[in-house]
Amino acid sequence: MSNADKIVSVADGAKLVEKWKQEGEVVFTNGCFDIVHLGHIDYLEKAKAIGSRLVVGLNTDASVKRLKGPERPLNNEYARARMLAALACTDAVILFDEPTPLELITDIKPDVLVKG
């Protein structure tokens, strides 16, 4: 799977999670990840260590604007998704537009939720 292939739809993410659950626990976390820094990397690596796969829910540009203001995000959702997908600890990235990831979590049904 190439880095860009790690960016999946909710439907495809749900299928992957279902498959991955046969191998071990699937961990989910989420965030805006607008300016990825060492704290993010450390947090994501620790989240991955809890299970066998890590799915990252990523706020869309519109969602980030609603949460952080009209000047954000600094990096668009595609750039943010690609950066997260390039990390070895990340197995999938799924964009979501809602105020919270609850709907996404309900759709993909991970085993473990991690929030830093």
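Me: Before we start, what counts as a helix or a strand here?
Reply: Both are DSSP runs: a helix is H or I over at least four residues, and a strand is E over at least two. The model is predicted.

Me: what order are the strands in?
Reply: β3-β2-β1-β4, in an open sheet with parallel pairing. β3 (92-96) and β4 (112-113) are at the edges with a single partner strand each, so one side of each has no neighbour in the sheet.

Me: how many bridges join β2 to β3?
Reply: Five, with β2 covering residues 53-59. In one of these pairings, Gly-57 has Ile-94 in β3 as its bridge partner. Helix α4 (residues 77-85) packs on the sheet and touches β2 and β3. The direction of α4 makes about 165° with that of β2.

Me: switching topic, how much space is in the largest pocket?
Reply: About 170 Å³.

Me: which elements supply at least two residues of its lining?
Reply: β1 (26-31) and α2 (38-50). The lining includes Asn-30, Phe-33, His-40, Tyr-43 and Arg-72.

Me: and by class?
Reply: Four nonpolar, three polar and four charged residues line the largest pocket. Among the lining residues are Asp-34, Lys-68 and Lys-115.

Notes. Residues are numbered from 1 along each chain as its sequence is written. This is a predicted model: local features need pLDDT of at least 70, side-chain atom pairs count only at pLDDT 80 or more; totals for chains, interfaces and linings use all residues. Side-chain values use heavy atoms; hydrogens and water are left out. On a 1 Å grid over the protein atoms alone, a cavity is a set of points where a 1.4 Å probe fits but cannot get out, and a pocket is an open set with protein on both sides within 12 Å along at least five of seven lines; lining residues have an atom within 4 Å of a point. Grid points are joined across faces, edges and corners, and a volume is the space filled by probe spheres set on the points. Ala, Val, Leu, Ile, Met, Phe, Trp, Tyr, Cys and Pro count as nonpolar, Asp, Glu, Lys and Arg as charged, and the others, Gly among them, as polar. Two strands pair if DSSP finds at least two bridges between them. Contact means heavy atoms within 4.5 Å. Axes are lines fitted to C-alpha atoms, for helices over the stretch in contact, and angles run from 0 to 180 degrees between N-to-C directions.
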